[in-house]
Amino acid sequence: MIDMTVARRYAKALLTLGKEDAHYKEYGEGLSGFAHLLEREPELKDALLNPIHGREDRNKLLVRMIELLQLPPMVSNLLQLLLDKHRLNTVEGVAIAYQEMLDEVENVRRAKVKTAIFLDDATQDRLRQTLEKLTGSTVVMEVEEDPSIIGGLMAKVGDLVLDGSVRTQINSLRESLIKGEVL
């Protein structure tokens, strides 16, 4: 489990420095790219995190990864600090927290949308525009097909949940019939 309290501290510090030198987007991309690499490559993650490997070897590996990924110096410094403090295992949480803070700075909201069928680009664009009007923010959507909702769609943007799925309507009708509200 990720300790998000510690992760938020590191993310906030990096974002503060990024806003000062106007490279906060670049820092977010570098941090996110590094976290995704560790997620995709478990052997690499093990080599960096497992204390069975010598500290010097892990440091050399980290420096080599930083060079290959061409990470910004500030992100490089953060990763080396995390390694030194035995907290490199929090890098995924730091990346998540950083993205959340960055979204807040840029007034971006992330939406998770479930649909029964594939939505073409034009339909997704209209849906995004509708969600942007409702939230007053720029919306980044993650669309997932889920045939179990039968028809319609479900959208969640932060605390706002819009459920226009046929499955929910059927369940609601069933509950009404059981209660005797609809004759």
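**Figure 1. Packing of helix H3 against helix H4 in the predicted model.** Two packed helices are described by the angle between their axes and the distance between the axes. Helix H3 covers residues 42–49 and helix H4 covers residues 55–69; the angle between them is about 130 degrees, and their axes lie 8 Å apart. An angle over 145 would count as roughly antiparallel and one from 65 to 115 as roughly perpendicular, so H3 and H4 are oblique to each other. On the H3 side, the contact is made by Leu44, Ala47, Leu48 and Leu49. On the H4 side, Arg58, Leu61, Leu62 and Met65 take part. By class, seven residues of this contact are nonpolar, none is polar and one is charged.

**Figure 2. Crossing of helix H2 and helix H5.** Helix H2 is formed by residues 24–40 and helix H5 by residues 73–84. Their axes come within 9 Å and cross at roughly 45 degrees, which means that H2 is oblique to H5. The crossing of these two helices is right-handed. H2 contributes Tyr27, Gly30, Leu31 and Phe34 to the contact, and H5 contributes Met74, Val75, Leu78 and Leu79. The residues that join H2 to H5 comprise seven nonpolar, one polar and no charged.

**Figure 3. Crossing of helix H1 and helix H6.** The axis of helix H1 (residues 4–21) comes within 8 Å of the axis of H6, and the two cross at roughly 50 degrees. H1 is therefore oblique to H6. This crossing is right-handed. From H1, the residues in contact are Met4, Ala7, Arg8, Tyr10, Ala11, Lys12, Leu14, Leu15 and Lys19. They meet Gly93, Val94, Ile96, Ala97, Tyr98, Met101, Leu102 and Val105 of H6. Sorted by class, the contact of H1 with H6 has 13 nonpolar residues, one polar residue and three charged residues.

**Figure 4. The largest pocket and its lining.** Rolling a probe the size of a water molecule over the atoms shows where empty space is left. The largest pocket in the predicted model has a volume of about 330 Å³. Its lining consists of 13 residues. Nearest the centre of the pocket lie Asp103, Arg109, Arg110, Ala111 and Gly158. Helix H6 (91–105), strand E1 (108–115) and strand E2 (138–145) are the elements that each give two or more residues to the lining. The largest share, five residues, comes from E1. Seven of the lining residues are charged, four are nonpolar and two are polar.

Key
Residues numbered from 1 in each chain as written. Predicted model: local features only at pLDDT ≥ 70, side-chain atom pairs only at ≥ 80, totals over all residues. Heavy atoms only, no water. Axes fitted to C-alpha atoms, helices over the stretch in contact; angles between N-to-C directions. Helix = DSSP H or I, 4+ residues; strand = E, 2+ residues; numbered from the N terminus. Parallel < 35°, antiparallel > 145°, perpendicular 65-115°, else oblique. Left-handed = near helix turned anticlockwise from the far one by under 90°. Contact = heavy atoms within 4.5 Å. Nonpolar A, V, L, I, M, F, W, Y, C, P; charged D, E, K, R; others polar. 1 Å grid on protein atoms, 1.4 Å probe; cavity = no way out; pocket = protein on both sides within 12 Å on 5 of 7 lines; lining within 4 Å. Points joined across faces, edges and corners; volume = space filled by probe spheres on them.
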